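Biologist: I would like to learn how to read a model of several chains. Please take me through the features one at a time.

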Amino acid sequence: MREQGVIETEELVKTYGKFIAVDKLNLRVDEGEVFGFLGPNGAGKTTTILMLLGLTEPTSGKARICGFDPTREPLKVKRITGYLPEKVGFYEDLTARENLDYTAALNGLSREVASRKIDELVDMVGLSEMAGHKVGTFSHGMKQRLGIADVMIKDPKVAFFDEPTAGIDPEGIEQVLTLITNMAKQKVTVVLSSHQLQQVQKICTRVGILSKGHLVAEGSVDQLGREAIGGGKFRVEVQVSEPTSKLVKSIKSIKGVINVESSGDLLLISCGKDLRPQIARAVVDSECLLVQMKIEEYGLDDVYMKYFRES
Amino acid sequence: MSGLMAVFWKELADHFNSKRFIILSLLIYLAGIATIYVAAQNIRSGITETTQFIFLRLFTVSGEVQVFSFLFFLSLFIPIVGIALGFDTVNSERTSGNLSRTLSQPLYRDSVINGKFLAGLITLAILLTSIVVLVAGMGLRMIGVPPTAEEILRLVAFIIVSIIYGAFWMSLSVLFSVFFNRVATAALASIALWIFLLLFVPIIAQVLAGANGEIAGAISRISPGVLYGQVTQVLLIPSHPAMFMISMYYTGLEPNPLPLSQSLLIAWPQLTSLIGLTALCFAGSYIKFMREEIRST
Amino acid sequence: MSRFRAGYYLTCTALLLMVFGGLVTAPIASATSDTHLDLPSLSPSQKSPETEEITLTCQYPVLSSPGGTSFFAYSIELQYTGGKEPRVFDLQVTVPSGFSYSIASSYGGGTEIAAIRIDPQQTYPDTIKVTVRPSLWIIMPEPGEYPITVEAASGEIKGNIELKAIIMAKYEIELEPSTGRLNTTATAGEDSYFTVYVTNTGSADLQKVNFSSKVIGAPAGWSITFDPQDIDVLPVGANREVQINIKPAQKTIAGDYMVAISASPESGYAFDAIDVRVTALTPTIWGWVGIGIVILVIAGLVVMFLRLGRR
């Protein structure tokens, strides 16, 4: 038996009437990980997070956060978890500082501690100038950053972010992701859900892809990509005049090439690293004419699309 | 417990900073001062050698024309204040997205609704106590007759009953705020129910009961406003013991002031009904709120 | 208004009625006595013409007036018998000093006459009217009986009649505030003095003058005392100072009250009442307590708002 994971679920099921939102989910997240929970809308990401937080009761199965059962000991779980909901809400009539004050009070922080911490946090999320302004005047990105401060105020062991990048501008996304990465560096286990992969794939150490309540894939982005595309990380597309079987063979023999497919005058080569020079030479050697060559790096997107097409 | 207190203080501060509440309370203070001024002008007209409870008359005497007594004003305003304090308790939290954020903090879920209800209750208590005491102080200044110990007790009882009455309307609107997701729906439903109980229940009672006054009285007691009116009448106008009961049991009773304990005894069924209704509404909202699942939107 | 005022009017009305009753019944009485008198007066004129004489008769020879403020009017019938020709009689009235008189014909309007021509063949019912009045109106004449003689003379033929005017004692009392103004102020539960003069404006000494008071609207607990409590003897024309101590009830509502003060002697009927407007002030302590309460409440609310107020 391994060391206890920060988050563990065992056959976690949640149904709403006949609708199965989460189906037999087995999940494990270790300390310091940034776990990306991916999936289209309605895949059960938020439901899973709510169950992990103890806000929703699972229909069956077990969940553990640092060894605590969210259903039985919700307060213990909530004390160590931070949650930023998808539609983050703050009291619009209150200032950023007052909102954070309230959260601090709910966590039983003393005034002095809260005040010091709020100063630190608003500084960290870049809102120190706006701390005295009413949240009603904030942009979505600012609210999201305030939300991160709100999560951080109780020094959580685990932080859940539900669609943290939805609806904010690229600059804001950058800031939010940086902040989340920094959290992970402070040994906070982060779980974030998203349906926008490019945005989160950079910071996730591991992702789980959820589709219709099933965890269809789990692992690091590289690993998933390999699994999906048969191992290769890059795909080189070569257009030649009259491809020959000899050419295919010679390309296949290049070290690092995993697979070659040919269709008409197109050769699709998947490989572990950028092998364009070697491929180019092979084409030239085979006396074919190279029309064009382009390389694509496999991203989570492709993985993602693959799984969703499958499901 | 700290969670409850945190919610309580935050909600209390919210009430005291909301324009809605400030405007409403200013209105009530002005109305209260106006009525007490009129009452002080008119208070002597009905006083005879045997008049007792002069000080209490301040609250029940009205002007000769078109000016209402303090009691009348208060019985009109309390439901409005109660509704104003409660109608967006839960639904606004839900729609603004604060609810799931708040509930992910380490506090019991009922702390949220209890804290909010408690804050509303304390706000009501502060408002009603301050208006009655303020008005009593002004009255004392104007008529110069200090209240007797019994009058003070009666006023305290009156304040408590008024708070309970306000709490009823507040718990009703909290109930609506739990059931209706839209703030406007909850507010309108509360006000509609208020108007229905205030205006239509007596009419319906009349129609249903025909000429039978006792049955009409019984039916009209569905309305908490009627209950409140009867309790306050017994408390503040001790010289006319329970006018509403005379037809039933007290025919031939001499109009003689009753001691406070007797007054309370007469008003006891009404009072417990009010408390019961309040508890019922609160229990309804409590159960619904506790059972409600936080769902992904 | 006041019961006393009403009583006063009632008494006056009753007196008036009595006077009217007298007026109405008087002619009836005279009519009956006329029939009696006619018979003997007719028969001598026809029988014995020998002695000439003048007789004066008066149906109401004794008149009285309370206080002597009204005049005494006597209707006198002159009858001349025994003569053949009409004669002129001089008329003379003797009145006590201080009285004046006038003689007028009962029929001839108000013209004063000094002599009258009487035909023996005729009778003149109520021939002349002698009006006697105390001449000095300001000082009332002493109560008592005043004889009046009316004489008719023509040569040796003389006749007279003795009349009597009775001046009864008139009891009158007057209350007057020392300041001339019918208002004062008094503090609830505290002594406050108001001085009045009691004057005997009647024509007889007043015995045992008592005072009484009533607060109109009858609030309980007022104490109104008089110093002296009563006056044993109040001679004619004399006045006394009476101090009234008005002490409003402890629980008096501030404002104006009407207090009726009345005085009347035990001897004879006399009565006077004044309504004093008493501005009841409440002890300033309650005013201050009231202000204190108001200030406390406002201060409490301010503290509440400061404590809970944001920025």
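**Reading the chains**

Modeller: Read along its sequence, chain B has the pattern α-α-α-α-α-α-α-α-α-α-α-α-α. This is a predicted model, in which local features need pLDDT of at least 70 and side-chain atom pairs count only at pLDDT 80 or more, while totals for chains, interfaces and linings use all residues. Residues are numbered from 1 along each chain as its sequence is written, chains are lettered from A and ligands numbered from 1 in the order in which they are written, and side-chain values use heavy atoms, with hydrogens and water left out.

Biologist: How many helices and strands are there in chain B?

Modeller: Helices (H or I, at least four residues) and strands (E, at least two) are DSSP runs, numbered from the N terminus. Chain B has 13 helices and 0 strands. In chain A there are 11 helices and 13 strands.

Biologist: What do the surfaces consist of?

Modeller: Accessible areas come from the Shrake-Rupley method with a 1.4 Å probe; for residues, only the protein chains shown count as cover. Chain A has an accessible surface of about 14300 Å², and 48% of that belongs to carbon and sulfur atoms. Chain B exposes about 12500 Å², with 69% supplied by carbon and sulfur atoms.

Biologist: How should I read contacts along the sequence?

Modeller: A contact means heavy atoms within 4.5 Å. Of the contacts in chain A with a separation of 6 or more, 69% are between residues 24 or more positions apart. In chain B, 78% of the contacts between residues at least 6 apart join residues at least 24 apart.

Biologist: Which residues does Ser171(B) contact beyond its neighbours in sequence?

Modeller: Ser171(B) is part of helix α8 (residues 149-179) of chain B, and it counts as buried because its relative accessibility is 0%. Leaving aside neighbours within four places in sequence, its contacts are Phe117(B), Thr278(B), Cys281(B), Phe282(B) and Ser285(B).

Biologist: Is Ser223(B) buried or exposed?

Modeller: Ser223(B) lies in the loop between α10 (213-220) and α11 (224-236) of chain B. At 2% relative accessibility, Ser223(B) counts as buried. With neighbours within four places left aside, Ser223(B) is in contact with Leu197(B), Leu198(B) and Val201(B).

Biologist: What holds for the contact between chain A and chain B?

Modeller: Buried area is the accessible area (1.4 Å probe) that two parts lose on being put together, summed over both. Between chain A and chain B it is about 2500 Å², with 55% from carbon and sulfur atoms. The contact takes 29 residues from chain A and 25 residues from chain B.

Biologist: How many salt bridges are counted between chain A and chain B?

Modeller: A salt bridge is a side-chain nitrogen of Lys or Arg within 4 Å of a carboxyl oxygen of Asp or Glu. The count is 1. The side chains of Asp150(A) and Arg101(B) meet in a salt bridge at 3.0 Å, N to O.

Biologist: Now strands. Why is β8 of chain A described as largely enclosed?

Modeller: In a regular strand the side chains alternate between the two faces of the sheet. In chain A, 6 of the 6 residues of strand β8 (residues 206-211) are buried, so the strand is largely enclosed by the rest of the structure. Arg206(A), Gly208(A) and Leu210(A) point one way, and Val207(A), Ile209(A) and Ser211(A) the other.

Biologist: Which strands pair with β8(A)?

Modeller: Two strands pair if DSSP finds at least two bridges between them. Strand β3 (residues 34-38) of chain A and β8(A) are parallel, over 4 bridges, and Phe37(A) has Gly208(A) as its bridge partner. Strand β9 (residues 214-219) of chain A runs antiparallel to β8(A), joined by 5 bridges. β8(A) and β9(A) form a hairpin with 2 residues between them, and Lys212(A) in the turn has a positive phi of about 50°.

Biologist: What is the strand order of the open sheet in chain C?

Modeller: The order of its 4 strands is β1-β3-β7-β5 (chain C), with antiparallel pairing. β1 (53-58) and β5 (99-105) of chain C stand at the edges with a single partner strand each, so one side of each has no neighbour in the sheet.

Methods:
Buried < 20%, exposed > 50% of the residue type's maximum accessible area, 1.4 Å probe, protein only.
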